[in-house]
Amino acid sequence: MSDPSHPPTPVVEQPEPACERCGKPGASKFGDEFICDDCYVVCGSCCAGEDAA
């Protein structure tokens, strides 16, 4: 039984984080930045969170 004085809270979808290097969605947080699997492989785990410039 639902209580009409307390309607259910709507679920707000959070957008997928985008890669800070290429913009691809679905990035994971490594260090201080979000980076996708492809960029992580290209730069290697040693430079995740650092500028590769």
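**Phe-30**

I began with how much of Phe-30 can be reached, and its relative accessibility comes out at 25%. That makes Phe-30 partly exposed (buried is under 20% relative accessible area, exposed is over 50%, partly exposed is in between; 1.4 Å probe, protein chains only). I then looked up where Phe-30 sits, and its place is strand β1.

Residues are numbered from 1 along each chain as its sequence is written, and side-chain values use heavy atoms, with hydrogens and water left out.

**Aromatic pair**

How many aromatic pairs does the whole structure hold? My search turned up one (ring centres of Phe, Tyr or the six-membered ring of Trp within 6.5 Å; planes under 30 degrees apart are stacked, over 60 edge-to-face, the rest tilted). The partners are Phe-30 and Tyr-40, stacked, with 4.5 Å from centre to centre and 20 degrees between the planes. Phe-30 belongs to strand β1 (residues 28-30) and Tyr-40 to helix α1 (residues 37-43), so this pair ties together parts that are ten residues apart in sequence. Tyr-40 has a relative accessibility of 25% and goes down as partly exposed.

**Layout**

Next I listed the elements. Along the sequence I read the pattern β-β-α. Of the 53 residues in the chain, 15% are buried.

**Salt bridges**

How many salt bridges are there? I count two (a side-chain nitrogen of Lys or Arg within 4 Å of a carboxyl oxygen of Asp or Glu).

One of them joins the side chains of Arg-21 and Glu-33, at 3.1 Å from N to O. Arg-21 is in the segment before β1 and Glu-33 in strand β2, so the bridge ties together parts that are twelve residues apart in sequence. From C-alpha to C-alpha, I get 9.1 Å between Glu-33 and Arg-21. Is Glu-33 buried or exposed? Glu-33 is buried, at 11% relative accessible area. For Arg-21 I have 31%, which puts this residue in the partly exposed class.

The other entry is Lys-24 with Asp-38, whose side chains meet at 2.8 Å, N to O. Lys-24 also lies in the segment before β1 while Asp-38 is in helix α1, so here the pair ties together parts that are 14 residues apart in sequence. Lys-24 is partly exposed at 38% relative accessibility, and Asp-38 is partly exposed too, at 45%.

**Cysteines**

I searched the whole structure for disulfides and got zero (the cut-off is a pair of cysteine sulfur atoms within 2.5 Å). Cys-39 is buried, with a relative accessible area of 16%. Cys-43 is in the buried class at 17%.

**Confidence**

Last, I went through pLDDT (the predictor's confidence in each residue, from 0 to 100). My figure for the chain is a mean of 79, with 75% of its residues at 70 or more. Which element has the lowest mean pLDDT, and which the highest? Helix α1 is lowest, at 88, and strand β2 (residues 33-35) is highest, at 92. A reminder for my own reading: where pLDDT is low, the predicted coordinates should not be read in detail.

Key:
Predicted model: local features only at pLDDT ≥ 70, side-chain atom pairs only at ≥ 80, totals over all residues. Helix = DSSP H or I, 4+ residues; strand = E, 2+ residues; numbered from the N terminus.
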